[in-house]
Amino acid sequence: MKRNPLTLIIGILLLIVFGLLLFVFQVRKTEVAVVTTFGNPSRSIPDPGAYLKWPWPIQKVHKFDQR
């Protein structure tokens, strides 16, 4: 069975996007984020930007309005 290169490229791009959605979160200027690891607060993030985290069962991000 011959694979189309376009199909492989689209599949790889979809895997990358899915991985980024699992491991990256964004904090906006008007938000403060608290990252919990197994339900315990592990870090607070007051600065805007993109940050890394572990997927859902390990870490969860709680965002609060800073205004």
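Strands β2 and β3 form a hairpin, with two residues between them. Phe38 sits in the turn and has a positive phi of about 55°. The model is a predicted one.

β2 and β3 run antiparallel and are joined by five bridges. Ala33 has Ile45 in β3 as its bridge partner.

Val32 stands opposite Phe64 in β5. Val34 stands opposite His62 in β5.

Now follow the chain past β5. Arg67 lies in the segment after this strand. With a relative accessibility of 76%, Arg67 counts as exposed, because exposed means over 50%.

Side chains of opposite charge can pair when their charged atoms come close. How many salt bridges does a search of the whole structure find? The search finds one. Its members are Asp65 and Arg67, whose closest N and O atoms are 3.3 Å apart. A polar contact of 3.3 Å also joins the side chains of Arg67 and Asp65. Both residues are exposed.

Lys53 is buried, yet has no salt bridge. The nearest side chain of opposite charge belongs to Glu31, 14 Å away. A salt bridge needs the charged atoms within 4 Å, so Glu31 does not qualify as a partner. Where does the Lys53 side chain reach? It reaches the backbone oxygen of Leu22, at 3.2 Å.

The loop between β4 and β5 holds other residues to look at. Ile58 is one of them. Its relative accessible area is 32%, so Ile58 is partly exposed, between the limits of 20% and 50%. The C-alpha atoms of Ile58 and Pro41 are 12 Å apart, and the two residues are separated by 17 residues along the chain.

Trp54 is also in this loop, and brings in the aromatic rings. A pair of aromatic rings is described by the distance of the centres and the angle of the planes. Across the whole structure, a search finds two aromatic pairs. One of them is Phe23 with Trp54. The ring centres are 6.4 Å apart and the planes stand at 75°, so the pair is edge-to-face. The pair links distant parts of the chain. Phe23 belongs to helix α1, residues 5-23, and Trp54 to the loop between β4 (49-52) and β5 (59-65). The two are 31 residues apart. How accessible are the partners? Phe23 is partly exposed, at 34% relative accessibility. Trp54 is exposed, with a relative accessible area of 52%.

Helix α1 also contains Thr7. At 52% relative accessibility, Thr7 counts as exposed. Thr7 and Val35 are 28 residues apart in sequence, and their C-alpha atoms are 37 Å apart in space.

That leaves β1 and β4. These strands pair in the antiparallel sense over four bridges. Gln26 stands opposite Ala50 in β4. Strand β1 spans residues 24-27, and its side chains alternate. Which of them are buried? Phe25 and Val27 are buried and point to one face.

Conventions:
Residues numbered from 1 in each chain as written. Predicted model: local features only at pLDDT ≥ 70, side-chain atom pairs only at ≥ 80, totals over all residues. Heavy atoms only, no water. Phe/Tyr/Trp six-rings, centres within 6.5 Å; stacked < 30°, edge-to-face > 60°. Buried < 20%, exposed > 50% of the residue type's maximum accessible area, 1.4 Å probe, protein only. Pairing = 2+ DSSP bridges. Polar contact = N/O pair within 3.5 Å; in protein donor to acceptor, adjacent residues only side chain to side chain. Lys, Arg positive; Asp, Glu negative; His and termini not counted.
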